[in-house]
Amino acid sequence: LIAYANSFSGPFVYDDLQSIPENPTLRQLWPPWVALSPPPGGATVSGRPILNYSLAVNRALGGDGVQGYHAGNLMIHVLAGLALFGLVRRTLLQPGLRGRFGAAALPLAFTVAALWTLHPLQTEAVTYLVQRAESLMGLFYLLTFYGFIRGVQSDRPWRFYALSVAACVLGMGTKEVMVSAPPLVLLFDRTFAAGSFQAAWRQRRAYYVALAAAWIPLVLLVAGGGGNRGGNFGFGIGISWWDHLLTQFEAVTYYLQLSAWPHPLAFDYGTFWARGAADVLPQAAVVLALAAGTLFALWR
């Protein structure tokens with residue numbers, strides 16, 4: 001609350017305007033399909049019905065004032081921090097980690113969650129109102145994992161597996177990045193719970209089928225929006241898929257740098273893209289080395 005207290009008067013800016021005050025689908029909650037049908041055309045809410053509906057709930061509760069939207073964003077961020085806290089604590093209490101980390105699971109989880117929740121790099125996802133797309137998707141992403149780990153540790157796992165699948169579906173309707181959640185849950189299971197992909201599939205086959213089914217609404221939403229979110233993916237504006245891919249090396253390494261030393265931070269870093277492999281060789285070396293290290297650690 002102290003960290004974000006000075007942000008509650010921040011006005012609508014940039015994509016906020018098109019997605020919130022100028023968005024006619026936020027003006028009623030009933031019938032629900034109105035707010036679940038965001039305007040097309042590449043706005044931040046386009047093709048993201050859960051995001052749009054959450055903004056409609058905000059408008060119904062607090063009108064057009066910015067304070068209510070800021071309070072909603074902060075509440076989502078705090079809930080995500082709590083989900084991360086629970087996820088880390090319960091992961092450290094798994095049989096393979098309990099011997100080394102069990103006694104310190106609570107303070108370690110608190111430290112991880114506190115650093116993540118208060119990290120300056122999170123600022124834009126909380127204070128830039130329409131970036132609720134990012135923070136709300138992040139909440140559902142973490143709840144997908146939290147429901148899974150609770151299910152693994154419960155005598156009645158299907159209550160928590162149902163929570164995990166529901167969170168995954170809601171995340172798919174919030175932002176497309178959620179597409180990676182099902183395979184990462186499987187990798188998490190293999191690493192921290194089941195011990196192998198074969199054991200994970202054998203023990204929780206129905207759960208993974210249900211989790212994978214969450215891709216269906218995402219495919220329908222992306223297809224219904226033309227597959228390119230009005231050009232927001234960068235295709236169709238003169239950038240090849242190869243240059244788009246190469247640019248990710250620079251983006252990933254820059255955000256890794258900012259996560260360790262969050263300065264300087266900027267609201268908008270402008271338009272840039274790599275124009276060939278030679279432009280990103282140092283960054284690619286870092287990312288590929290980290291990927292190789294991850295694979296080695298998983299093998300070990």
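Is Y128 buried or exposed? Y128 is buried, with a relative accessible area of 7%, where buried means under 20%, exposed over 50% and partly exposed in between (1.4 Å probe, protein chains only). The views below show a predicted model, in which local features need pLDDT of at least 70 and side-chain atom pairs count only at pLDDT 80 or more, while totals for chains, interfaces and linings use all residues. Residues are numbered from 1 along each chain as its sequence is written, and side-chain values use heavy atoms, with hydrogens and water left out.

View 1. Helices are DSSP runs (H or I, at least four residues), numbered from the N terminus. Not counting residues up to four places away in sequence, Y128 touches V13, Y14, D15, D16, N73, T123 and F267; contact means heavy atoms within 4.5 Å. The C-alpha atoms of Y128 and A200 are 39 Å apart in space, and the two residues are 72 apart in sequence.

View 2. Y14 has a positive phi of about 45° although it is not a glycine. Most residues other than glycine have a negative phi. With a relative accessible area of 56%, Y14 is exposed. Y14 is one of the residues that Y128 touches.

**View 3. Helix α8 (residues 132-152).** This helix has 21 residues and reaches 30 Å from its first C-alpha to its last, close to the 30 Å expected at 1.5 Å a residue. The expected span is 1.5 Å times one less than the number of residues. Because 17 of the 21 residues of α8 are buried, the helix is largely enclosed by the rest of the structure.

**View 4. The largest nonpolar core, with 37 residues.** A nonpolar core is a set of buried Ala, Val, Leu, Ile, Met, Phe, Trp, Tyr and Cys residues joined through side-chain atoms within 4.5 Å. F148, C168, M178, V185, Y207, Y208 and L211 touch the most other members. Two or more residues come from each of α4 (66-92), α6 (105-118), α8, α9 (157-172), α10 (181-192), α11 (197-203) and α12. The most are given by α8, with ten residues. A second, separate core of 13 residues includes I20, L26, A35 and V66. In soluble globular proteins, nonpolar side chains tend to be buried together.

**View 5. Y207 in helix α12.** Y207 is buried, with a relative accessible area of 0%. Leaving aside neighbours within four places in sequence, Y207 is in contact with T144, F148, W158, Y161, S164, V165 and V185. The C-alpha atoms of Y207 and S164 are separated by 9.2 Å, and these residues lie 43 apart along the chain.

**View 6. Helix α10, which has twelve residues.** From its first C-alpha to its last, α10 reaches 16 Å, close to the 16 Å expected at 1.5 Å a residue. Buried residues in α10 are A181, P182, V185, F188, D189 and R190.

**View 7. Packing of helix α12 (residues 205-213) with helix α13 (residues 215-224).** Two packed helices are described by the angle between their axes and the distance between the axes. Here the axes come within 5 Å and cross at roughly 10°, which makes α12 roughly parallel to α13. Axes are lines fitted to C-alpha atoms, for helices over the stretch in contact, and angles run from 0 to 180 degrees between N-to-C directions. Angles under 35 degrees count as roughly parallel, over 145 as roughly antiparallel, 65 to 115 as roughly perpendicular and the rest as oblique. L211, A212 and A213 in α12 meet W215, I216 and P217 in α13. The residues of this contact divide into six nonpolar, no polar and no charged. Ala, Val, Leu, Ile, Met, Phe, Trp, Tyr, Cys and Pro count as nonpolar, Asp, Glu, Lys and Arg as charged, and the others, Gly among them, as polar.

**View 8. P264 and Y269 in the loop between α14 (241-260) and α15 (281-299).** The peptide bond from H263 to P264 is cis, with omega near 0°. Most peptide bonds are trans. Y269 counts as partly exposed, at 32% relative accessibility. Leaving aside neighbours within four places in sequence, Y269 is in contact with Y254, Y255, L258 and P264.

**View 9. P31 in the loop between α1 (15-19) and α2 (32-35).** The peptide bond from W30 to P31 is cis, with omega near -5°.
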